[in-house]
Amino acid sequence: MSTQAISKAQHRHTKDMTVGNPYSQMISFALPVLLSQLFQQLYNTADALIVGNFLSTNALAAVSSSGTLIFLFISFFTGTAMGAGVVISRYFGAGDPDKVSRAIHTNIAFGLVSGIILTVVGVIFTPTLLVWMNTDPEVLPEAIEYFRFFFSGILALVMYNIFRGILNALGDSKRPLYYLIFSSILNVVLDLLFVGVFGWGVWSAAVATIISQVASCVLCLIHLCKKGNIFTVELKKIRFHIDMLKEIIRFGLPSGVQNSVIALANVIVQAQINSFGKFATAAYGTHAKIEGFGFLPITSFNMATTTFISQNLGAKQYDRARKGARFGIITAVLCAEVIGILTYIFAPYLIALFDSSPQVIALGVQQARTVTLFYFLLALSHAIAAVCRGAGKAFVPMFVMLSVWCVIRIAYIAIIMNFIGEIQYIYWAYPITWAISSVIYLIYYKFSDWIHGFDKKSSVSLSKTQA
């Protein structure tokens with residue numbers, strides 16, 4: 001495909017973020033992502049809301065106990081697949097359609113293999129892992145049911161995120177939103193039907209989620225297979241292109257490790273929380289759902305920041321990339337603090353939406369009012385990590401998360417539980433480690449040459465070729 005042809009394709013189905021007002025470009029990209037993330041959160045949140053209201057606290061705890069474990073399993077593969085987004089955005093910005101196509105097909109192959117592995121491992125090891133996490137014996141049977149059914153359809157979740165990442169890397173954040181709106185509404189309807197009307201168990205909420213994920217995945221695939229576009233997917237081309245796989249691993253593996261590290265730390269925290277009983281488990285899971293919703297605007301701007309920087313560095317527009325980085329960081333921090341204050345104020349009402357048990361509300365409010373006013377620190381860390389990923393510096397956030405959000409957080413919890421053993425001190429692990437990582441990120445952002453990360457790799461490669 002010629003450069004002229006790629007330009008036409010950009011206008012029809014993609015978004016070139018190397019031209020136009022950088023701030024309006026990022027906002028217009030982030031808003032559909034925000035809505036898309038909002039509807040994606042509805043999947044498990046609908047499960048928790050409907051299960052908590054129609055079944056029991058045990059059922060809610062069963063759904064809640066699996067959240068961090070699910071994230072642990074999928075985080076490495078989805079994080080590694082994020083590297084493909086950086087590669088695709090970079091070559092899209094540079095106007096290289098052949099490399100864009102090979103990166104897309106390699107990413108799809110990676111997703112298929114990952115999803116199959118996750119299905120097998122998740123279904124087989126569910127009981128062992130939930131016992132290891134100190135899941136309450138009263139909750140365990142329903143947790144195993146929910147978890148096993150969920151993992152039987154994990155391939156659809158993995159592939160939807162792969163397809164959405166491809167479209168987002170090309171600047172298209174609207175179509176994934178449309179598909180997700182449909183599947184989220186479908187999920188809520190099926191949850192109400194299976195749990196509320198038929199009275200089926202907690203397993204049926206997982207089945208509703210699987211059906212909805214398959215729907216969104218199929219809709220994305222149909223669009224990607226349309227002929228005549230830069231991103232057209234052809235089944236015969238789905239394979240591992242070694243050169244693209246190396247780049248995806250180079251930029252994506254650190255993100256995969258980073259996600260896994262965060263997930264592992266959260267699983268360890270979840271195990272500590274579970275040891276305080278089913279009310280603590282339900283409260284922790286409920287707060288996680290609320291925090292997930294609250295942080296959607298920040299996540300959306302971070303995705304916009306990564307795509308914007310990747311495309312502009314690919315096009316060697318360095319000043320424009322700097323402007324986008326500053327705007328993304330400032331916007332994320334301000335949004336996070338407003339959300340944190342609102343969550344602090346309305347925490348009792350938000351927790352009660354999921355479970356009206358006084359014990360669950362009290363513990364959920366205690367956690368919310370410990371961490372929410374420090375959301376600006378969490379946003380700052382994530383925003384600068386997004387800048388690093390967009391610039392091909394994914395090893396930086398991996399190192400920070402491994403050392404701070406995993407090692408320091410786990411060490412703190414182990415020490416504090418040994419000497420004090422009160423649940424509120426587990427909650428404090430989050431703002432403490434957010435503060436440490438934010439300081440490290442700020443120092444790196446201000447004093448490193450992150451803006452020329454891609455150039456240095458290109459220069460090294462060129463000099464080796466010339467030699």
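A residue is called buried when its relative accessible area is under 20%, exposed when over 50%, and partly exposed in between (1.4 Å probe, protein chains only). The model is predicted, so local features need pLDDT of at least 70 and side-chain atom pairs count only at pLDDT 80 or more, while totals for chains, interfaces and linings use all residues. Residues are numbered from 1 along each chain as its sequence is written, and side-chain values use heavy atoms, with hydrogens and water left out.

**Stop 1: helix H12**

Select residues 296-314, which form helix H12; helices (H or I, at least four residues) and strands (E, at least two) are DSSP runs, numbered from the N terminus. Because 17 of its 19 residues are buried, H12 is largely enclosed by the rest of the structure. From first C-alpha to last, H12 reaches 27 Å, close to the 27 Å expected at 1.5 Å a residue (the expected span is 1.5 Å times one less than the number of residues). Lys-316, with a positive phi near 60°, follows the helix.

Within H12, select Ser-310. Its relative accessible area is 1%, so Ser-310 is buried. Leaving aside residues up to four places away in sequence, Ser-310 touches Val-86, Ser-89, Arg-90 and Gly-390, where contact means heavy atoms within 4.5 Å.

**Stop 2: Val-387**

Val-387 is buried, with a relative accessible area of 1%. Which residues does Val-387 touch, not counting those up to four places away in sequence? They are Thr-305, Ile-309, Ala-325, Ile-329, Tyr-445 and Trp-450.

**Stop 3: helix H13**

Select residues 318-352 for helix H13, whose 35 residues reach 48 Å from first C-alpha to last, close to the 51 Å expected. Where does H13 bend? The bend, of about 75°, is at Phe-346, and Pro-348 follows within four residues; the angle is taken between axes fitted to the seven residues ending there and the seven starting there.

**Stop 4: helices H5 and H6**

Finally, select residues 97-132 (H5) and 140-152 (H6), whose axes come within 8 Å and cross at roughly 165°. That makes H5 roughly antiparallel to H6, a term for angles over 145 degrees. Residues of H5 that meet H6 include Gly-122, Pro-127 and Leu-130, and those on the H6 side include Ala-143, Phe-147 and Phe-151.

How values were computed:
Axes are lines fitted to C-alpha atoms, for helices over the stretch in contact, and angles run from 0 to 180 degrees between N-to-C directions. Angles under 35 degrees count as roughly parallel, over 145 as roughly antiparallel, 65 to 115 as roughly perpendicular and the rest as oblique.
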